[in-house]
Amino acid sequence: MKIFRKVADIKTEIKKIEASAKTVGLVPTMGFLHEGHMSLVRESVKNNDVTVVSIFVNPTQFGPTEDLAAYPRDFENDCALLKKNGADIVFNPEPSEMYGEGFCTKVELSGITEVLCGITRPVHFAGVATVVTKLFNIVEPHRAYFGSKDYQQLQVIKRMVKDLNMDVEVVGMPIVREADGLALSSRNVYLGAEERVSALALSGSFKVVEDLLKKGVKDTETIRKEIADFILSHPHTKIDYIETVNPETLVSVGMTDADFVVALAVYVGKARLIDNRYFEVHHV
């Protein structure tokens with residue numbers, strides 16, 4: 001497994017790979033890797049000749065009050081996991097390498113980035129879109145792999161690729177969960193023992209939705225209120241948002257007449273956790 005820290009060096013390596021007509025898969029990450037990331041790596045290894053994993057805690061997607069400095073990092077362990085799961089190349093640049101002196105360009109989407117996490121994290125998705133565009137230009141992957149836990153991010157990347165005619169296939173992968181249902185996240189490390197129990201309120205709330213749909217409830221305002229009551233019945237929780245949205249546009253829906261996504265962001269202690277579930281509505 002090769003490790004590159006300079007853009008010029010990895011671009012040279014990619015040119016060699018392209019010259020041999022090999023396919024390249026990219027898994028963009030911010031490190032502190034877990035089984036969720038490894039599911040993306042294994043999928044890339046299975047479907048591409050070469051798998052590149054980027055490890056870069058991207059400063060432009062953090063707001064001024066967010067956890068950039070405290071964001072967990074363990075590069076040595078990350079590399080051990082990646083080697084074990086078949087990654088070929090790790091790209092681990094410094095911020096100064098990605099954002100050189102005088103850097104003044106950003107990629108920004110409208111609409112789809114102004115809902116859900118975009119409301120309380122207004123700079124986040126411009127940072128994500130910009131860094132992913134840079135990674136696509138540097139690595140030139142045939143396929144790029146993203147988890148579905150950050151459902152909004154996945155839809156933003158898909159929209160950006162479509163709108164800008166980028167020649168890369170965006171592959172969304174299912175959420176990986178602990179045995180008790182908690183979605184894997186690097187931020188789970190922030191949870192104390194009691195908070196870890198309360199964090200199950202996020203995935204547990206989807207059972208609340210299932211039960212309401214079975215009872216014939218179609219009004220999403222009622223659904224959101226029931227979810228809120230359920231989550232807030234757990235200690236250490238504070239709701240950022242609960243939304244029922246169109247799966248593609250992320251526009252809020254008022255009735256469950258078609259497939260929809262329930263998207264959640266909840267503070268459990270100091271950890272801001274997100275989760276979501278796609279609900280199919282079957283018409284008889």
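**Entry 1: a strand pair.** I started with strands β7 and β8 (residues 260–268), which pair in the antiparallel sense over 8 bridges. I noted the rule for pairing: DSSP must find at least two bridges between two strands. Strands (E, at least two residues) and helices (H or I, at least four) are DSSP runs, numbered from the N terminus. In general, strands of a sheet pair through backbone hydrogen bonds, either parallel or antiparallel.

I then looked up facing residues. Isoleucine 242 stands opposite leucine 264 in β8. Threonine 244 stands opposite valine 262 in β8.

**Entry 2: ground rules.** The model is predicted, so I wrote down its limits: local features need pLDDT of at least 70, side-chain atom pairs count only at pLDDT 80 or more, and totals for chains, interfaces and linings use all residues. Residues are numbered from 1 along each chain as its sequence is written, and side-chain values use heavy atoms, with hydrogens and water left out.

**Entry 3: the sheet of 3 strands.** Which order do the strands take in this open sheet? I read β7-β8-β9, with antiparallel pairing. β7 (237–245) and β9 (271–279) are at the edges with a single partner strand each, so one side of each has no neighbour in the sheet. The twist from one strand to the next averages 15°. For angles, axes are lines fitted to C-alpha atoms (for helices, over the stretch in contact), and the values run from 0 to 180 degrees between N-to-C directions.

Helix α9 (residues 200–214) packs on this sheet and touches β8 and β9. Its direction makes about 30° with that of β9. Contact here means heavy atoms within 4.5 Å.

I checked β8 against β9 next. They pair in the antiparallel sense over 9 bridges. Phenylalanine 260 has phenylalanine 279 in β9 as its bridge partner. The two strands form a hairpin with 2 residues between them. Glycine 269 in the turn has a positive phi of about 65°.

Buried means under 20% relative accessible area, exposed means over 50%, and partly exposed lies in between (1.4 Å probe, protein chains only).

**Entry 4: the sheet of 6 strands.** I found another open sheet, in the order β1-β4-β3-β2-β5-β6, with parallel pairing. Its edge strands are β1 (2–4) and β6 (169–173), each pairing on one side only. Neighbouring strands are turned by 25° against each other on average, direction ignored.

Inside this sheet I picked strands β2 (residues 24–29) and β5 (residues 143–147), which run parallel and are joined by 2 bridges. Leucine 26 stands opposite alanine 144 in β5.

Then I looked for helices lying across the strands. Helix α2 (residues 35–47) lies across β2, β3 (50–55), β5 and β6, and runs at about 155° to β5. Helix α7 (residues 151–163) lies across β5 and β6, at about 165° to β6.

**Entry 5: the nonpolar cores.** A nonpolar core is a set of buried Ala, Val, Leu, Ile, Met, Phe, Trp, Tyr and Cys residues joined through side-chain atoms within 4.5 Å. The largest one has 46 residues. Ile10, Val52, Met98, Phe136, Ile157 and Met160 touch the most other members. Helix α6 (residues 124–139) gives the largest share of this core, 9 residues. Apart from it lies another core of 24 residues, including Phe206, Ile242, Val262 and Phe279.

Not counting residues up to four places away in sequence, isoleucine 10 touches Phe4, Val52, Ile89, Phe91, Ile138 and Val139.

**Entry 6: helix α1.** Glutamate 13 sits in helix α1 (residues 7–19). Its relative accessibility is 11%, so glutamate 13 counts as buried. Leaving aside neighbours within four places in sequence, glutamate 13 contacts Lys2, Phe4 and Ile89.

How do the axes of α1 and α6 cross? They come within 8 Å and cross at roughly 50°. The two helices are therefore oblique to each other (under 35 degrees is roughly parallel, over 145 roughly antiparallel, 65 to 115 roughly perpendicular, the rest oblique). Val7, Ile10, Lys11 and Ile14 of α1 meet Asn137, Ile138 and Val139 of α6.

**Entry 7: cysteines.** I counted 0 disulfides in the structure. A disulfide is taken as a pair of cysteine sulfur atoms within 2.5 Å. Cysteine 104 is exposed, at 73% relative accessibility. Cysteine 117 is buried, with a relative accessible area of 3%.
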